[in-house]
Amino acid sequence: MLGLAANIQSQAQASAAVSAAYQYPANTSGDFDGVNDIVICQNSAPAGHVLKPTGAVSLSAHIRPHAWDYQGYSSSFSKAYIAGNIVTGGYALYLEQDGTDTYIKWSVGVADDGTGSPGYLTATSTEPINDNLDGPTSTGPFRWVLGTFDGNTATLWFEGRTTVYGGTTEAGFRIGAANYPGSYPTTIDYTQQGTQVTEFAIGGSVQHGDYIRGNIDDVAVWSSCLAESEIDVLRGVDPFDLRRTDIPGYNSASSLAGFWSFDEGQGLQTADLVGSATGILTNGATWSANNPADGS
Amino acid sequence: MAYNNYKYVIINASEVSDVDFSKVKEDRSSLRYNNDKDKTFVKFEGETPDFLNGKTQYTHKEMLHYLNDSTNGWLLED
């Protein structure tokens, strides 16, 4: 753990060198316009990159999406990406609209979807999350969303919901799962991405667009499937900061592959505090004073 | 929400060479094009750059409405 902490600290220092404005806790988040704002994480496209694990993956973020239909132009909205590298294969957390309802989804491209061919496992929220979406002027809370995949099951977790899962009422967190129906484990598939640009991105998809409107903060990728015990611990961390070394029981930091805290609050970069995939604020993506810690 | 101060201008793809990218939020490589690849747009804050004078400016709300109207040809099929 200490070696890991030192490594994270070292990486943080390196990242700080990239973004001299970095200061913790600056308590800012990313601000996205839903038109073309996106944060593209540098050099994260090649196969074998740490953000392209094949056996298991977890992806989390704090999100405060603004309502899609608040001014009556919802009819053509379909999808808005929170983060990921999905093109053909890959993985992503996103919002998807069905009529007047918005669902949250976690898709993982797998080498075999049970039919012997590549496909996707998609975990969908068991009910719409409309009431978790911010309005045009109100200041709704951030929510923590997490997708995990262990080689068999893609599971979606979303803070703030009380749902029935597996026949039991849970404390409002795990809200959907998709099981691989074949002989498992299967692997996360990137092979079909070919020459397409498949950098890890936040706020939209490099290839598809599908930009989100709202705030995103504290995006993290692990090259492992977080265990429920680890998730329970992380849920209780306030403020949410994966660089903290005083989080009891947290033992997945060795698999932490990328972490963007959006705490710089100025400039055009948000550092990857674990790796080297610096996030480049593109097309006008900027900063918001809103953050999960203050509830705004 | 900084984007409430943005102004968006749709231009023809053939006009990209006239864009002073130091005056807009986009880079040449990050422009979003419509499905026919013959239109794109740029956004800016504050004073209108000279090369955009005389062109229709849209608010954030108007631009979202335009882009998400499937009849306008900007939505991609995943």
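In chain A, A:A80 stands opposite A:L95, which belongs to β5(A). This is a predicted model, in which local features need pLDDT of at least 70, side-chain atom pairs count only at pLDDT 80 or more, and totals for chains, interfaces and linings use all residues. Residues are numbered from 1 along each chain as its sequence is written, chains are lettered from A and ligands numbered from 1 in the order in which they are written, and side-chain values use heavy atoms, with hydrogens and water left out.

**Sheet in chain A**
- Strands β4 (residues 79-84) and β5 (residues 91-98) of chain A run antiparallel and are joined by five bridges; two strands pair if DSSP finds at least two bridges between them.
- An open sheet of eight strands in chain A has the order β7-β6-β5-β4-β13-β2-β17-β16, with antiparallel pairing.
- Its edge strands, β7 (119-124) and β16 (269-270) of chain A, each pair on one side only.
- Strands of a sheet pair through backbone hydrogen bonds, either parallel or antiparallel.

**Fold of chain B**
- Chain B has three strands and one helix, in the sequence pattern β-β-β-α.
- Helices (H or I, at least four residues) and strands (E, at least two) are DSSP runs, numbered from the N terminus.

**Size and burial of chain B**
- The C-alpha atoms of chain B fill a box of roughly 35 × 30 × 20 Å along the principal axes.
- Of the 78 residues of chain B, 37% count as buried, meaning under 20% relative accessible area (1.4 Å probe, protein chains only).
- Among contacts (heavy atoms within 4.5 Å) in chain B between residues at least 6 apart in sequence, 67% join residues at least 24 apart.

Definitions and conventions:
Buried means under 20% relative accessible area, exposed over 50%, partly exposed in between (1.4 Å probe, protein chains only).
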